Amino acid sequence: AFIAADLPNELIELLEKIVLHKSADFGKNRNLQNLLILTAIRADKSRVMDYINRLDNYDGPEIAKIALGDPYRLYEEAFLIYKKHDMNAEAMETLLTN
């Protein structure tokens, strides 16, 4: 609903409260972590690196592919995701081709 209403920053703020402030029930939720990172990729790229560093339970390979793609081209963020998930070949390929 937040995305459809063109309110991505409000969604980010809400998800930060739920995910980053370690809510016992929701802090480690994979879907919420994915949503937070993906919303930041689309709406506020300056927050993506912080989320990648702070979160552990997200779909790294899929998010890295999205970060690498058009129109985002977040190469450093994709590299860090691959590195954090021990996907060294993909991390090196990201460095060498972008």
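This is a predicted model: local features need pLDDT of at least 70, side-chain atom pairs count only at pLDDT 80 or more; totals for chains, interfaces and linings use all residues.
Which helices are included in what covers the buried residues of α5? Keep that in mind, everyone, and I'll answer it in a moment.

Hi all. The mean pLDDT of the protein is 90, and 90% of its residues reach 70 or more. If we go element by element, helix α1, residues 8–20, has the lowest mean pLDDT at 86, while α5 has the highest at 98.

Let's start with the overall plan. The protein has six helices and zero strands, so reading along the sequence gives the pattern α-α-α-α-α-α. There are 98 residues, and buried ones make up 37% of them. Now look at contacts between residues with a separation of 6 or more: 51% of those come from residues 24 or more positions apart.

Helix α5 runs over residues 75–84, and its buried residues are Glu77, Ala78, Leu80, Ile81 and Tyr82. Their cover includes α3 (48–54), α4 (60–68) and α6 (88–97).

Next, the inside. Which residues touch the most other members of the largest nonpolar core? They are Leu36, Ile37, Ile41, Tyr51, Leu55, Tyr58 and Ile63, out of 27 residues in that core. The elements giving two or more residues to this core are α1, α2 (30–43), α3, α4 and α5. The largest share, six residues, comes from α2. Let's zoom in on Leu36. Leaving aside residues up to four places away in sequence, Leu36 touches Ile12, Leu15, Glu16, Val19, Leu20, Tyr51 and Leu55.

Now for the charged side chains. Side chains of opposite charge can pair when their charged atoms come close. How many salt bridges does the structure hold? There are seven, and I'd like to show you some of them.

Find Asp59 and Arg30 first. Their side chains meet in a salt bridge, at 2.7 Å from N to O. Asp59 lies in the loop between α3 and α4 and Arg30 in helix α2, so this pair ties together parts that are 29 residues apart in sequence. Is Asp59 buried, partly exposed or exposed? With a relative accessible area of 30%, Asp59 is partly exposed, and Arg30, at 36%, counts as partly exposed too.

Then there is Arg54, which forms a salt bridge with Asp50; the closest N and O atoms are 3.4 Å apart. Arg54 and Asp50 are separated by about one helical turn, because they sit four residues apart in helix α3. An α-helix has 3.6 residues a turn, so residues three or four places apart point the same way. Arg54 is partly exposed at 41% relative accessible area, and Asp50 is partly exposed at 35%.

One more pair: the side chains of Arg73 and Asp70 meet at 2.6 Å, N to O, in a salt bridge. Arg73 counts as partly exposed at 47% relative accessibility, whereas Asp70, at 56%, counts as exposed. Elsewhere, salt bridges that share partners join Glu16, Asp44 and Arg47 into one network.

Most residues other than glycine have a negative phi, and most peptide bonds are trans. Which two residues does a cis peptide bond join? They are Asp70 and Pro71, with omega about 0°. Pro71 is found in the loop between α4 and α5. Arg73 is found in the loop between α4 and α5 as well, and its phi is positive, about 50°, although Arg73 is not a glycine.

Asp86 is another residue to look at. Asp86 follows α5 and lies in the loop between α5 and α6. Its phi is near 55°, a positive value in a residue other than glycine. Asp86 is exposed, with a relative accessible area of 65%.

Last stop, the surface. Met92, Leu95 and Leu96 make a nonpolar surface patch of about 330 Å². Leu96 lies in helix α6, and Leu96 is exposed, at 68% relative accessible area.

Conventions. Residues are numbered from 1 along each chain as its sequence is written. Side-chain values use heavy atoms; hydrogens and water are left out. Buried means under 20% relative accessible area, exposed over 50%, partly exposed in between (1.4 Å probe, protein chains only). Contact means heavy atoms within 4.5 Å. pLDDT is the predictor's confidence in each residue, from 0 to 100. A nonpolar core is a set of buried Ala, Val, Leu, Ile, Met, Phe, Trp, Tyr and Cys residues joined through side-chain atoms within 4.5 Å. Patches are made of residues with over 30% relative accessible area and no salt bridge: like charges are joined within 9 Å, nonpolar side chains (Val, Leu, Ile, Met, Phe, Trp, Tyr) within 5 Å. Accessible areas come from the Shrake-Rupley method with a 1.4 Å probe; for residues, only the protein chains shown count as cover. A salt bridge is a side-chain nitrogen of Lys or Arg within 4 Å of a carboxyl oxygen of Asp or Glu.
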